[in-house]
Amino acid sequence: MTDAELRNMISRTLTCRIDERENCSEKMEQFLQRCFYQSGQYDSQENFLELDKTLKEHESGRVSNRLFYLSIPPNIFIDAVRCASLSASSSNGWTRVIVEKPFGRDSESSAALTRALKQYLEEDQIFRIDHYLGKELVENLSVLRFSNLIFEPLWSRQYIRNVQFIFSEDFGTEGRGGYFDHYGIIRDIMQNHLLQILALFAMETPVSLDAEDIRNEKVKVLRSMRPLRVDDVVIGQYKTHTKGGVTYPGYTDDKTVPKDSLTPTFAAASLFIDNARWDGVPFLMKAGKALHNRRAEIRVQFRHVPGNLYNRNFGTDLDRATNELVIRVQPDEAIYLKINNKVPGLGMRLDRSNLNLLYKARYSKEIPDAYERLLLDAIEGERRLFIRSDELEAAWSLFTPVLKELEEEKIIPEYYPYGSRGPVGAHYLAARCNVKWGDLGVDE
């Protein structure tokens, strides 16, 4: 590819979100002039020496900082890192490497990958990117909790009955089946995105906002978690479904997926943190593809009011009277708190209302993409939202035994129709913890 072809390719998807008074096309042109294409093999030191030479021409004597982004298949990570480290490192600035997930398939492969990376890089040069941690509302989680007096005292087993992390997509694997089949939904979403958000949600107050202090607290949460058993997990796989005259394909209808694949496209799990703050509080996770809607949210369900005077007004369903804090990560970013309220009128009718902060109504600015924030952080050397190797090790040690058992025992997933709410087993799992999924209500 020539430089011109690369620029043409980038320009098709390049957007501009700067001040309206600025000339966008001029800025875009300036940006494109700084994009270059260098051809070469991932495992060739000679090719990386050529890259080094080209970079030096562009740097023309200035301090050179180099950031390598590995958005490549995991089996060639190490070759690329070896060559970049030995032949194209910066001689007078910093060299950093962003590693795109997956970080291995289990504890062993993840540890092997970390060991191999550390042959050529220091820990502070490795940036393991999890784009979910760059989402605006995940970033806001700590602000919400640590700088609002109304939430900080409530953040414990005394007031919180359960916490739910829900991730659903309304489409299937769409041609990515080959990649997905090797990993499955637990590795793809739960072990990284959802577990990271859980650690941020449940951690103790860090000493400071310094990256290492925050990461230390996250590791403590992961290490306090009760080992996960197969009984704590429900898996599912979507099957073909016809709705309104349209037939939606099942997972194994994807040509890149083996016909007898048992890879889960849906999983739900109940997790517990065995420490003083969270003892006995269920943390429920569910993630799935080809479900009835697209959403990612954290739902915090508070305990019932002791001796509630209005219990008889709610009838038998006390859950409907429970306060709930919902942090919707996507789509339509929002934070809302469900409260009980009297319906205006002469009778005593109670209603649930939302105290709602809808981001697009409150903030007219466009919310930056998660990758923009994370790339900027990597350039500035800000590590708060990147995963440290001991954190990765703790996350894998939680999920690896269950993943191994599911695969070795060839446990068959529960099939659910494309576009449904997922397997029924997820509701039994929640019921065992005396919980209802929060996204099933009429006022979700």
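Modeller: At 0% relative accessibility, Tyr-251 counts as buried, the cut-off being under 20% relative accessible area, with exposed over 50% and partly exposed in between (1.4 Å probe, protein chains only). This is a predicted model, in which local features need pLDDT of at least 70 and side-chain atom pairs pLDDT 80 or more, while totals for chains, interfaces and linings use all residues. Residues are numbered from 1 along each chain as its sequence is written, and side-chain values use heavy atoms, without hydrogens and water.

Colleague: How many aromatic pairs does the structure hold?

Modeller: A pair of aromatic rings is described by the distance of the centres and the angle of the planes. Rings of Phe, Tyr and Trp (its six-membered ring) pair if their centres lie within 6.5 Å; planes under 30 degrees apart are stacked, over 60 edge-to-face, and the rest tilted. The structure holds 15 such pairs. In one of them, Phe-180 and Tyr-251 have ring centres 6.0 Å apart and planes at 75°, so the pair is edge-to-face. Phe-180 is buried, as is Tyr-251.

Colleague: Which geometry do Tyr-238 and Tyr-251 adopt?

Modeller: Their ring centres are 5.9 Å apart and their planes stand at 70°, so this pair is also edge-to-face. Tyr-238 counts as buried, at 4% relative accessibility. One aromatic cluster includes Phe-180, Tyr-238 and Tyr-251.

Colleague: Is Glu-409 buried or exposed?

Modeller: Glu-409 is exposed, with a relative accessible area of 54%.
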